[in-house]
Amino acid sequence: MTQTETRSPHFGREATAATYRDIHLPRVFAPWARILLEIVPPRPGDAVLDVATGPGTVARPAAAKAGPSGRVTGVDLSAAMLGVARSFPPEPQSAPIEYLESPATSIPLPDASFDRAYCQQGLQHMSDPGAALREIRRLLKPGSRLAVAIWQQSPFSLFRQVVADLGIAAEGAQPSTFGRDPGELTRALKQAGFTEVEVQTRQLESVLEGGIPQALEVAVATSAGAGMGNLSSADQERVRAALSRALQPLVKPDGVHLISISSIASATCA
Ligand SMILES: C[S@@+](CC[C@H](N)C(=O)[O-])C[C@H]1O[C@@H](n2cnc3c(N)ncnc32)[C@H](O)[C@@H]1O
């Protein structure tokens with residue numbers, strides 16, 4: 001994993017990728033991928049690019065929509081995340097998926113080779129998101145479509161707040177605020193050469209049915225909690241206790257309810 005390319009090196013860890021696969025993916029990111037693909041659906045036969053694919057969250061349902069005559073390429077910097085993506089068996093009626101380990105700013109593929117591109121919750125983790133958008137544009141055919149999702153309110157923002165309030169430094173760089181403001185996201189897409197830019201705001205509620213213990217597992221796998229392992233056991237206990245208190249108001253009979261609000265931008269490659 002190239003540390004200079006990402007603000008969130010914790011995605012390179014096997015343990016983070018495993019927690020992401022087991023908890024985050026089905027409860028948070030897969031439901032969001034369905035919304036993203038409703039807004040800009042792949043067509044049968046399309047060539048689809050999923051940048052910062054992680055465990056193939058958008059790539060797999062996009063492959064189902066593109067069908068056997070399509071093709072999908074998922075790109076990510078993290079070998080651990082791509083290991084999870086590759087562990088899912090291919091679906092018979094889906095497009096074949098190829099996973100490529102590469103930074104989003106220099107993807108080793110020819111110009112104008114895709115009909116659809118997606119990037120779900122990836123740009124804020126990149127060191128140079130503007131360069132990534134220009135690279136995606138290079139890879140898109142004229143008239144093709146892009147959809148990008150960036151949190152306005154991350155479901156994990158509470159974890160970040162608790163760690164910050166305790167005065168405990170989170171590990172490494174943290175995600176940037178790139179694109180959190182829909183106006184800024186629109187401008188960045190236009191600067192990268194996209195037209196017909198539209199930003200929608202959507203909200204989703206995810207339930208962690210395993211309650212506070214499951215929420216604590218999620219917290220450790222976020223960038224805010226990634227440094228937990230380096231803390232003394234007393235400090236780890238302080239963080240767990242503070243997180244448990246902060247999560248209490250979100251507990252309902254069926255689990256911890258996390259709210260996320262995301263901008264979803266759609267655009268055309270001129
Ligand atoms: C929050 S995850 C989102 C993954 C996936 N899109 C999803 O919706 O589940 C962010 C992903 O961005 C990847 N990433 C971070 N910086 C990157 C970069 N510069 N180039 C490519 N991928 C990057 C991480 O490895 C991680 O898999």
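Visitor: What is a cavity, and what makes a residue part of its lining?

Guide: This is a predicted model. A cavity is a set of grid points where a 1.4 Å probe fits but cannot get out. A residue belongs to the lining if it has an atom within 4 Å of a point.

Visitor: How much space lies in the largest cavity?

Guide: The structure holds one cavity of 30 Å³ or more. The space in the largest cavity is about 30 Å³.

Visitor: Which helices each supply at least two residues of the lining of the largest cavity?

Guide: The lining consists of Phe159, Val163, Ala219, Val220, Thr222, Ala224, Gly225, Met228, Val239 and Leu243. Three helices each supply at least two residues of that lining: H5, H7 (211-220) and H8 (233-247).

Visitor: Is serine 157 buried, partly exposed or exposed?

Guide: Serine 157 sits in helix H5. Buried needs under 20% relative accessible area, and exposed needs over 50%. Serine 157 has 33%, so it counts as partly exposed.

Visitor: Which residues that line the largest pocket are the closest to its centre?

Guide: The largest pocket holds about 780 Å³ of space. Its lining takes in 45 residues. Those closest to the centre are Phe11, Gln121, Gly122, Gln124 and His125.

Visitor: Which element gives the most to the lining of the largest pocket?

Guide: The largest pocket holds about 780 Å³ of space. Elements giving two or more residues to its lining are H1, S2, S5 and H5 (157-165). With four residues, the top contributor is S5.

Visitor: Are tyrosine 20 and phenylalanine 29 buried or exposed?

Guide: The cut-off for buried is under 20% relative accessible area. Tyrosine 20 has 10%, so it counts as buried. Phenylalanine 29 has 5%, so it too counts as buried.

Visitor: How many residues apart in sequence are the parts tied together by the pair of tryptophan 32 and tryptophan 151?

Guide: The two rings pair edge-to-face, 5.9 Å centre to centre, with 70° between the planes. Tryptophan 32 lies in helix H1 (residues 14-39), and tryptophan 151 lies in strand S5 (residues 140-153). The pair therefore ties together parts whose separation in sequence, in residues, is 119.

Visitor: Which residues form one aromatic cluster?

Guide: Tryptophan 32 is buried at 1% relative accessible area. Tryptophan 151 is buried at 9%. Both belong to one aromatic cluster, made of Phe11, Tyr20, Phe29, Trp32, Trp151, Phe156 and Phe159.

Visitor: At what distance from the ring centre of phenylalanine 114 does arginine 71 lie?

Guide: A CZ atom of Arg must be within 6 Å of the ring centre to sit over a ring. Arginine 60 lies over the face of phenylalanine 88, at 3.6 Å from the ring centre. Arginine 71 lies over the face of phenylalanine 114, and its distance from the ring centre is 5.0 Å.

Visitor: What arc do the buried residues of H2 cover?

Guide: The buried residues of H2 (residues 59-66) are Ala59, Arg60, Ala62, Ala63 and Ala66. They lie on the same side of H2, because around the axis they cover an arc of only 160°.

Visitor: What covers the buried residues of H6?

Guide: In H6 (residues 182-191), Leu185, Thr186, Ala188 and Leu189 are buried. They fall within an arc of 165°, so they line one face of the helix. The face turned away from that side carries the exposed residues Lys190 and Gln191. The cover over the buried residues includes H4 (129-139), S5, S6 (194-208) and S8 (255-269).

Visitor: Which residue takes a positive phi just after H6?

Guide: Just after H2, glycine 67 has a positive phi of about 70°. Just after H6, a positive phi of about 100° belongs to glycine 193.

Visitor: What relative accessible area does arginine 116 have?

Guide: Arginine 116 is in strand S4 (residues 114-120). Among the residues it touches are Asp46, Val48, Leu140 and Arg145. Arginine 116 is buried, with a relative accessible area of 8%.

How values were computed: Residues numbered from 1 in each chain as written. Predicted model: local features only at pLDDT ≥ 70, side-chain atom pairs only at ≥ 80, totals over all residues. Heavy atoms only, no water. Buried < 20%, exposed > 50% of the residue type's maximum accessible area, 1.4 Å probe, protein only. Phe/Tyr/Trp six-rings, centres within 6.5 Å; stacked < 30°, edge-to-face > 60°. Lys NZ or Arg CZ within 6 Å of the ring centre and 35° of its normal. Arc of directions from axis to C-beta. 1 Å grid on protein atoms, 1.4 Å probe; cavity = no way out; pocket = protein on both sides within 12 Å on 5 of 7 lines; lining within 4 Å. Points joined across faces, edges and corners; volume = space filled by probe spheres on them. Contact = heavy atoms within 4.5 Å. Lists of a residue's contacts leave out its neighbours within four places in sequence.
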